[in-house]
Amino acid sequence: MQLKYESTLREPLVDGVKDYHQVTEDIVRPIEAKPGKMWYVGFALSVILLLFGVFSVFWEVYFGIGVWNLNKTIGWGWDITNFVWWVGIGHAGTLISAILLLFRQGWRTGVNRAAEAMTIFAVMCAGQFPIFHMGRVWMAFFVLPYPNTRGPLWVNFNSPLLWDVFAISTYFTVSLLFWYSGLLPDFATVRDRAKTKLRKLLYGIASFGWTGSTKHWQRHEALSLVLAGLSTPLVLSVHTIVSFDFATSVIPGWHTTIFPPYFVAGAIFSGFAMVQTLLIICRKIMGLEEYITMGHIEAMNKVIVLTGSIVGVAYLTELFMAWYGASQYEFATFYKYRAAGPLGWSYWIMMTCNVITPQVFWFRKMRRNIMVTFIMSIIVNIGMWFERFVIICTSLYRDYLPSSWAYYRPSWPEIGFYVGTFGLFFTCFFLFSKYFPVIAVAEIKSILKTSGESFKNKMTGYEEESIEKFEHDAHHAH
């Protein structure tokens, strides 16, 4: 009799009386059933937003970048704000799937699949902003360094904007591989349960002939570890390189060495908030409360309060260094034009949403309250959007010459582009939740016997037995 022991004091990761078949039924059934009315309503709204975004982008490409309210002082506005925001949202997925896999955290299994999907969709949204910001979008391939007949015209390898291209394309590729390799066993499960020939064929192609043999599992485990190893530095490097877009410049408010860790913490902060927003809705609509438990939600809230506190320390460090550094330009940027000034309201929205409100998660009752968590996850992402807006716009809108001073408000094509990326994100997420298992079936099964509620209840009996009786029972079980 062999037992992998987990203390009964630790909260179960799968609630209810479950066996392997029941796990498959619960997670795969929503894919096999017809989608409900709410799914169609949500999907239709997402497609409408996406089409409005496509129209806004067409308008900008046709009439030129002048339709955006950018000017000689504020050269980056909503576009780069939204780019950094979407890249940040994509961070939680890789952190959950890669770093928590390496640390063998069992609670990742309930949330990793949806978080990884969210990463891919968020990076797809983010990548569009710099491309269309080029103005002449048909020249976008110029950012790729390849031998050419244009002079030869090479990219500027010293520019952090080029590093962005490399970092984000690598991040997207590795995240996609990680997500898809994890889906293979689950696609095979859906294939084997398929009732129609077309369904069997499509899921059969998607599963790459997975049979569940020992060799397949061995290669799957090895690949997961290799991709986790590759992804871990990417989690840290991608937003570090995004922060270099600002930190390597000489503009007061941007050229600061605190940006890399501050951006990474902020990215994980906003990413986990978005995971909470999506999964709280998913678990309710798809009836997955027994797999995405209060334990999962509390664990993610702990990460949110930690990263939120790091971000808060970074804000205060910036204010302190602007005063202590004795640079009048830096001081003016932070105290006259950021914390005060015409755009000062955005700074205080950022401070309230990112630093003050997440402190409610120090209380266990709040961490385990669904409504509080859902509202907080939305507040955090509003705050993180304002953080990017504050960094970009309040550092630019006041220049050395008063004649260059400007105020910034977005035009409708800028707002439409941003709204359109929400449409793309949710269109992809609705399709994902309909055709792909939202929770990793194979990974839930791997922790079921150690962390499932019914199995942990059996362990309670063993805990209360004497060692002699336990050894006697184990001996006779053989």
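Biologist: Let's take Thr 232: does this residue count as buried or exposed?

Modeller: Thr 232 counts as buried, at 18% relative accessibility. Buried here means under 20% relative accessible area, exposed means over 50%, and partly exposed is in between, using a 1.4 Å probe and protein chains only. Before going on, the ground rules: this is a predicted model, where local features need pLDDT of at least 70, side-chain atom pairs count only at pLDDT 80 or more, and totals for chains, interfaces and linings use all residues. Residues are numbered from 1 along each chain as its sequence is written, and side-chain values use heavy atoms, with hydrogens and water left out.

Thr 232 belongs to helix 8, residues 214–247. Helices are DSSP runs of H or I with at least four residues, strands are E runs of at least two, and both are numbered from the N terminus. If you skip the neighbours within four places in sequence, Thr 232 is in contact with Ala 98, Ile 99 and Leu 102; contact means heavy atoms within 4.5 Å.

A charge sits over a ring if NZ of Lys or CZ of Arg is within 6 Å of the ring centre and within 35 degrees of the ring normal. Lys 434 does likewise, with its charged end over the ring of Tyr 435, 5.2 Å from the centre.

Side chains of opposite charge can pair when their charged atoms come close. There are eight salt bridges in the structure, a salt bridge being a side-chain nitrogen of Lys or Arg within 4 Å of a carboxyl oxygen of Asp or Glu. One of them joins Arg 364 to Glu 298, at 3.8 Å from N to O. Arg 364 lies in helix 13 (residues 364–367) and Glu 298 in helix 10, so this pair ties together parts 66 residues apart in sequence. Glu 298 also bridges to Arg 367, with the closest N and O atoms 3.0 Å apart. Arg 367 is in helix 13 too, so here the parts tied together are 69 residues apart in sequence. Both Arg 367 and Glu 298 are buried, Glu 298 at 6% relative accessibility. Through shared partners, salt bridges join Glu 298, Arg 364, Arg 367 and Arg 368 into one network.

There's also a local bridge: Glu 25 pairs with Arg 29, closest N and O atoms 3.7 Å apart. Both sit in helix 1 (residues 20–32), four residues apart, about one turn of the helix. Arg 29 is partly exposed, at 42% relative accessibility.

On to the aromatics. A search of the whole structure turns up 57 aromatic pairs. One of them, Trp 39 with Phe 43, is stacked, 5.0 Å centre to centre with 10° between the planes. Rings of Phe, Tyr and Trp (its six-membered ring) pair if their centres lie within 6.5 Å; planes under 30 degrees apart count as stacked, over 60 as edge-to-face and the rest as tilted. Trp 39 and Phe 43 are four residues apart in helix 2, so about one helical turn separates them. Trp 39 is buried at 16% relative accessible area, while Phe 43 is partly exposed at 22%.

The Phe 187 and Phe 436 ring centres lie 5.1 Å apart with planes at 85°, so this pair is edge-to-face. It links distant parts of the chain, 249 residues apart: Phe 187 in helix 6 (residues 160–193) and Phe 436 in the loop between helix 15 (412–435) and helix 16 (441–451). Phe 187 is buried at 2% relative accessible area, and Phe 436 is partly exposed at 21%. Leaving out residues up to four places away in sequence, Phe 187 touches Tyr 180, Tyr 203, Ala 206, Ser 207 and Phe 436.
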